[in-house]
Amino acid sequence: MFQFDPKSVDITMYEGYFAENTFLAKLKGDSKKLGDKIVYDALKLYYCHKSQNTPATEKSTIAGALGYLVSPYDAIPDSMPLYGTADDAAILSYALKSVSLYVGNEVEVMAKSKLGEWFDKTSIK
């Protein structure tokens, strides 16, 4: 089975691909392709990045992970069936673990609300 190690990627080099003012539109456009789990994780990171409670060092990690998600340059190209989004999911999961202290209930509520706008509300757990 394929395994991707997110620690092998320096996500800080992807910070430049994350633009807060255009991120939601880009994510919404890709949401069906990415699936609700990846989009939910990305939204939690996005709202955590917007929070005043999140320190700048953690925001840097988040910007790198979200930049990696929207960057055209991935370790595994998104066009590869089955594996194309595996690296994105791993990077987002790794970043969420890193900043988990700052992903509170408010962040989760905002992420679920936005996810509910983009996906069938009955499919959200």
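Here is a friendly chat about a predicted model of a protein.

Q: Hi! How many helices and strands are there in the protein?
A: Hello! This predicted model has five helices and zero strands. Reading from the N terminus, the elements run α-α-α-α-α.

Q: Okay, and how compact is the protein for its length?
A: It is as compact as a globular protein of that length, because its radius of gyration is 14 Å, close to the 14 Å that the globule rule gives for 125 residues.

Q: What box do the C-alpha atoms fill?
A: Along the principal axes, the box is roughly 35 × 35 × 25 Å.

Q: What share of the residues is buried?
A: Buried residues make up 44% of the 125 residues.

Q: What part of the contacts comes from residues 24 or more positions apart?
A: Counting contacts with a separation of 6 or more, 71% are between residues 24 or more positions apart.

Q: Let's look at a pair of helices. At what angle do α2 and α3 pack?
A: Helix α2 covers residues 36–50 and helix α3 covers residues 56–70, and they pack at about 145 degrees. Their axes are 9 Å apart.

Q: Is that crossing left-handed or right-handed?
A: The crossing of α2 and α3 is left-handed.

Q: Which residues meet there?
A: From α2 you have Ile38, Ala42, Leu45, Tyr46, Cys48, His49 and Lys50. They meet Lys59, Ile62, Ala63, Ala65, Leu66 and Leu69 of α3.

Q: How do those residues divide into nonpolar, polar and charged?
A: In the contact of α2 with α3, 10 are nonpolar, one is polar and two are charged.

Q: I see His49 in that list. Is His49 buried or exposed?
A: His49, in helix α2, is buried, because its relative accessibility is 13% and the cut-off for buried is under 20%.

Q: What does His49 touch, leaving aside its neighbours in sequence?
A: Beyond four places in sequence, His49 is in contact with Phe18, Glu20, Lys59, Ile62 and Ala63. Lys59, Ile62 and Ala63 are also among the α3 residues that meet α2.

Q: Switching to helix α1: is Ser31 buried or exposed?
A: Ser31 sits in helix α1 and counts as buried, with a relative accessibility of 2%.

Q: Which residues does Ser31 touch?
A: Not counting residues up to four places away in sequence, Ser31 touches Val39, Trp118 and Phe119.

Q: And Lys33, is that one buried or exposed?
A: Lys33 lies in helix α1 too, which spans residues 20–34. Lys33 counts as exposed because its relative accessibility is 53%, and exposed means over 50%.

Q: How far apart are the C-alpha atoms of Lys33 and Ser8?
A: They are separated by 25 Å, and the two residues are 25 residues apart along the chain.

Q: Last one: where is Tyr102?
A: Tyr102 lies in the loop between α4 (86–98) and α5 (105–118). At 28% relative accessibility, Tyr102 counts as partly exposed.

Q: What is Tyr102 in contact with?
A: Setting aside neighbours within four places in sequence, Tyr102 is in contact with Cys48, Asn53, Thr54, Pro55, Glu58 and Val107.

Q: How far is the C-alpha atom of Tyr102 from that of Asn53?
A: They are 6.9 Å apart, while Tyr102 and Asn53 are 49 residues apart along the chain.

Methods:
Residues are numbered from 1 along each chain as its sequence is written. This is a predicted model: local features need pLDDT of at least 70, side-chain atom pairs count only at pLDDT 80 or more; totals for chains, interfaces and linings use all residues. Side-chain values use heavy atoms; hydrogens and water are left out. Axes are lines fitted to C-alpha atoms, for helices over the stretch in contact, and angles run from 0 to 180 degrees between N-to-C directions. Helices (H or I, at least four residues) and strands (E, at least two) are DSSP runs, numbered from the N terminus. A crossing is left-handed if the near helix is turned anticlockwise from the far one by less than a right angle, and right-handed if clockwise. Contact means heavy atoms within 4.5 Å. Ala, Val, Leu, Ile, Met, Phe, Trp, Tyr, Cys and Pro count as nonpolar, Asp, Glu, Lys and Arg as charged, and the others, Gly among them, as polar. The radius of gyration is taken over C-alpha atoms; the globule rule is 2.2 Å times the number of residues to the power 0.38. Buried means under 20% relative accessible area, exposed over 50%, partly exposed in between (1.4 Å probe, protein chains only).
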